[in-house]
Amino acid sequence: MAPPTAPAPPLATLRSMSANCLRLGQLGAAAFYADKALSFSDGEAADALALAQAYYFQGAHLRAFQVLQRHGLLDATAGALAPPSPRMAAHRLQAAYLAGSALLRGGRPERVVALLEALLPGEKDLAALRDLAAAAEPNPNPSPNNPSLNPNPSPSVPP
């Protein structure tokens with residue numbers, strides 16, 4: 001006879017614990033509880049967004065983007081047959097903003113432009129954004145003497 005297992009905590013409790021941990025700066029715990037809530041909710045948009053936010057604040061920017069993409073929050077064609085509910089539209093808007101921020105912080109400005117092109121087809125100003133993204137490409141060999149190119153400059157000591 002197998003030992004009894006503890007019942008899974010209610011979904012609302014997991015969501016609350018994730019939000020509290022995020023608010024308190026316990027980012028690893030927030031990601032853990034958000035991941036469990038996402039698993040128990042069968043992929044609800046709010047839970048995917050909470051997990052992506054926890055990853056983003058942890059500094060795992062590209063991982064946050066992948067969560068949003070994997071759960072369909074960045075799909076521009078979703079809702080083509082029927083308009084999304086106001087709540088889902090708000091989740092998609094938050095996801096697009098978070099995805100753009102995550103890609104920029106992850107050093108992928110060209111992917112931000114591609115995301116905007118997918119979300120805003122026919123937008124006239126995207127050519128200017130493409131040029132800005134190309135100009136913002138990080139230098140693969142930052143100079144240690146130029147603090148604008150070196151993210152962790154060491155203090156210079158006069159000879």
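## The segment before α1

Pro9 lies in the segment that precedes α1, and in this predicted model the residue is partly exposed, with a relative accessibility of 38%. Although Pro9 and Phe40 are 31 residues apart along the chain, their C-alpha atoms are separated by 9.5 Å.

## Overall architecture

The protein has seven helices and zero strands, so that, read from the N terminus on, its elements run α-α-α-α-α-α-α. Of the 159 residues in the protein, 26% are buried, and the accessible surface comes to about 10,500 Å², with 59% of that area belonging to carbon and sulfur atoms. When contacts between residues at least 6 apart in sequence are considered, 44% of them join residues at least 24 apart.

Asp42 is placed in the loop between α2 and α3, where its phi angle is near 60°, a positive value in a residue other than glycine. Asp42 counts as exposed because its relative accessibility is 72%, which is over the 50% cut-off for that class.

Leu73, in the loop between α4 (61–70) and α5, has a relative accessibility of 3% and therefore counts as buried, the cut-off for that class being under 20%.

## Aromatic pairs

The count of aromatic pairs comes to two. One of them is formed by Phe32 and Tyr33, an edge-to-face arrangement with 5.3 Å from centre to centre and 75° between the planes. Both members of this pair are partly exposed, Phe32 with a relative accessible area of 45% and Tyr33 with a relative accessibility of 21%. In the pair of Tyr56 and Phe57, the ring centres are 5.6 Å apart and the planes stand at 75°, so this pair too is edge-to-face; an angle over 60 degrees is what that class requires. Tyr56 counts as buried, because its relative accessibility is 13%, under the 20% cut-off.

## The second largest pocket

The second largest pocket has a volume of about 200 Å³. Its lining consists of 16 residues, and the closest of these to the pocket centre are Arg15, Ala46, Asp47, Ala50 and Gln53.

What is the make-up of the lining of the second largest pocket by class? Eight of the lining residues are nonpolar, four are polar and four are charged.

How values were computed: Residues are numbered from 1 along each chain as its sequence is written. This is a predicted model: local features need pLDDT of at least 70, side-chain atom pairs count only at pLDDT 80 or more; totals for chains, interfaces and linings use all residues. Side-chain values use heavy atoms; hydrogens and water are left out. On a 1 Å grid over the protein atoms alone, a cavity is a set of points where a 1.4 Å probe fits but cannot get out, and a pocket is an open set with protein on both sides within 12 Å along at least five of seven lines; lining residues have an atom within 4 Å of a point. Grid points are joined across faces, edges and corners, and a volume is the space filled by probe spheres set on the points. Ala, Val, Leu, Ile, Met, Phe, Trp, Tyr, Cys and Pro count as nonpolar, Asp, Glu, Lys and Arg as charged, and the others, Gly among them, as polar. Helices (H or I, at least four residues) and strands (E, at least two) are DSSP runs, numbered from the N terminus. Buried means under 20% relative accessible area, exposed over 50%, partly exposed in between (1.4 Å probe, protein chains only). Contact means heavy atoms within 4.5 Å. Accessible areas come from the Shrake-Rupley method with a 1.4 Å probe; for residues, only the protein chains shown count as cover. Rings of Phe, Tyr and Trp (its six-membered ring) pair if their centres lie within 6.5 Å; planes under 30 degrees apart count as stacked, over 60 as edge-to-face and the rest as tilted.
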